[in-house]
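Let us walk through this structure together, one region at a time. Have the viewer ready, and we will begin with a single side chain.

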Amino acid sequence: MLWSVALCLALSTAAAVLAVDRGASAGISAGATGIVSGTTYFIDANGGEDSNSGTSPTRPWKTLARASIVTLEPGDAVLLARGSTWKGQTLQPMGSGTPESPIRIGAYGAGTRPHIAPGIGVKTYAIHLVDDDGYRITDLELSDTYGGIVAYSRGTYEHRYLWIENVFFHDITGKDTGFNTTGCATCYPAPDLRFGTGIAFGGRGDGHSTVFSDITVKDSEFLRTDAGIETVPAGTVNPGMWRNLNIVNSRFTDSFRTGAIDLYYVSGGTTSEVMVKDTGAVGMNWGIGAFQIVGSRDYTVQDSKFLDTKRPHNCRDKNGALIDCPDGVGFDFESDNQHITLRESTISGNAGPAILFPGNNPVWPGQQSDLVIDHNTIENNNSTDSRGDTVFYADHDATWNPGSAGVFSNNTIRLRDQGQDFATAPLIFDPDNLVYDQHGTLVFSGPAKPTATDDASSPAFVYRGTPGAPVQSVWQSAKCPGCSGGTTTSSDAAGATYTAFFDGTQAVLRAPVGPQYGTAAISVDGSPEAYIDTYSGQAVPSRPIFVTGILPNGAHRIHVRVTGTKNNASTGIRIGVDALAVAGGT
């Protein structure tokens with residue numbers, strides 16, 4: 001009778017553990033909604049025996065090895081006893097679940113979270129999924145290994161559903177054992193792992209297929225890892241190797257190497273309500289960024305914080321000399337990204353620039369388009385003057401043919417010092433951004449109301465043709481219902497120019513952007529040209545494309561040149577003009 005009562009209580013506890021969170025965020029697939037079937041296996045490091053049946057909390061198995069030889073079916077569960085620790089062991093479950101009936105790995109009983117600690121010094125993982133999917137992993141502690149949860153696909157595709165919730169990852173690093181801590185000769189020590197990583201998704205691409213989709217990580221903590229979460233592509237890569245990857249309400253502290261969250265070739269999904277702090281204490285020769293994204297499409301990062309990224313003096317240049325590690329940025333739009341949005345987040349106190357957006361990195365080739373940086377707070381970045389005293393950085397090695405198109409809008413920017421540059425070219429810097437100096441004084445808020453339009457009779461605009469081609473043949477005016485004066489003027493003749501004249505302290509140049517527009521070279525009063533990419537996947541008849549700094553009150557000119565170059569995503573090189581908005585003057 002007492003045994004029956006105890007068994008009922010234990011099974012009730014197990015059922016509670018298996019209950020599915022019905023409050024999943026919109027856009028995140030929670031999988032099963034109460035469908036629980038199959039066999040539940042219990043493992044207790046303290047009171048179990050591998051000779052037991054393992055199917056009762058009173059007769060649990062002892063080792064993870066015993067649980068790793070069972071072929072699991074949809075709806076099965078592997079529950080680890082709270083208060084137990086498995087040292088020197090790895091759980092490598094076999095079998096796949098489904099999004100509707102996932103296989104569950106979780107906890108039962110009372111006490112601290114079950115703890116898997118395989119040990120540092122040999123290539124071990126805490127939980128290793130190979131060519132399997134359909135798992136829900138919750139309520140664990142994983143440490144002292146090179147991989148907390150590693151999901152690797154060996155040339156297999158279309159895997160679906162992995163949910164990781166309330167897991168504590170810590171001390172997952174090779175910084176003290178030489179596991180990928182030197183130069184790029186050892187950048188890839190394993191096909192599914194680059195260095196100690198809390199969660200690694202590895203896969204070999206074929207150039208078009210999806211390796212894994214519907215992944216969620218939520219309510220988890222990552223402490224003292226080389227990297228927190230990373231997708232690890234191999235083979236012939238393609239956007240969408242991982243789809244619908246969501247990271248929610250999680251904290252990343254002391255990620256020692258290149259970044260806390262490193263997303264490569266992801267399509268779709270959201271990172272929200274995460275905090276990343278103190279990334280890069282050990283560093284990496286190719287650079288450090290709290291959040292890095294490469295080769296990805298249609299991804300949103302929101303309501304998050306990227307704080308206090310470091311630049312330690314322990315990286316090596318090509319001659320082997322010690323240098324400060326590159327970058328140290330809060331957010332890195334590295335290369336080959338399209339339709340990526342960063343909004344309503346805080347980027348603060350980073351040793352390098354707040355945001356990096358070069359594009360067309362030779363390791364991950366591809367220019368970038370439709371980047372949106374909107375409604376963020378960006379403050380006190382680049383204390384080390386990485387790449388100059390600037391808040392943002394785009395211009396990498398010119399041999400890369402770098403290129404990024406997008407817009408900064410509605411951001412609040414607080415400078416570290418009076419002379420800090422906040423230009424974002426080639427991305428458009430909208431006049432609705434607010435910029436404050438280190439004393440809290442507003443130093444930039446651009447004018448918005450147009451004071452002159454593109455009309456050829458307007459004295460504000462002077463158009464010039466190209467050698468042998470008159471103005472009328474290279475600059476064409478067309479009706480434009482959404483433009484400031486009802487018309488727009490544009491040219492696709494490389495070398496054609498126009499000059500906008502104004503009297504005041506600041507001006508905003510408005511122009512059409514869209515799929516057929518190219519790169520403009522723009523200068524103010526004879527200053528060096530800035531290159532602005534006016535491509536956009538969505539046509540907008542009139543938007544600010546260039547804002548001058550604060551100028552002495554008086555006469556000034558903005559010179560615009562059609563470069564004949566374009567973003568790889570654009571269908572043309574056309575440059576247009578709509579209007580000019582001016583502040584100050586007499």
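In this predicted model, the side chain of Thr145 comes to 3.4 Å from the backbone nitrogen of Gly147, a polar contact (a pair of N or O atoms within 3.5 Å; within protein, one must be able to donate a hydrogen and the other to accept it, and residues adjacent in sequence count only if both atoms are side-chain atoms). Thr145 sits in the loop between strand S7 (135–143) and strand S8 (147–153); helices (H or I, at least four residues) and strands (E, at least two) are DSSP runs, numbered from the N terminus. With a relative accessible area of 0%, Thr145 is buried, where buried means under 20% relative accessible area, exposed over 50% and partly exposed in between (1.4 Å probe, protein chains only). Its contacts (heavy atoms within 4.5 Å), leaving aside neighbours within four places in sequence, include Pro118, Tyr125 and Ile172. The C-alpha atoms of Thr145 and Ile172 are separated by 5.2 Å, although the two are 27 residues apart along the chain.

A word on conventions. Residues are numbered from 1 along each chain as its sequence is written, and side-chain values use heavy atoms, with hydrogens and water left out. Because the model is predicted, local features need pLDDT of at least 70 and side-chain atom pairs count only at pLDDT 80 or more, while totals for chains, interfaces and linings use all residues.

Now for the sheet. Nine strands form an open sheet in the order S6-S8-S10-S13-S16-S20-S25-S28-S31, with parallel pairing; strands pair if DSSP finds at least two bridges between them. Strand S6 (125–130) and strand S31 (392–393) stand at the edges with a single partner strand each, so one side of each has no neighbour in the sheet. Strands S25 (residues 327–335) and S28 (residues 355–356) pair over two bridges, and Asp332 has Leu356 in S28 as its bridge partner.

The structure also holds two disulfides, each a pair of cysteine sulfur atoms within 2.5 Å. One joins Cys315 to Cys325 (S to S 1.9 Å); its S-S torsion is about 90°, so this disulfide is right-handed. The other links Cys480 to Cys483 (S to S 2.0 Å).

How far can we trust the details? The mean pLDDT, the predictor's confidence in each residue from 0 to 100, is 89 for the protein, and 89% of its residues reach 70 or more. Over residues 1–34, however, pLDDT is below 50. Where pLDDT is low, the predicted coordinates should not be read in detail.
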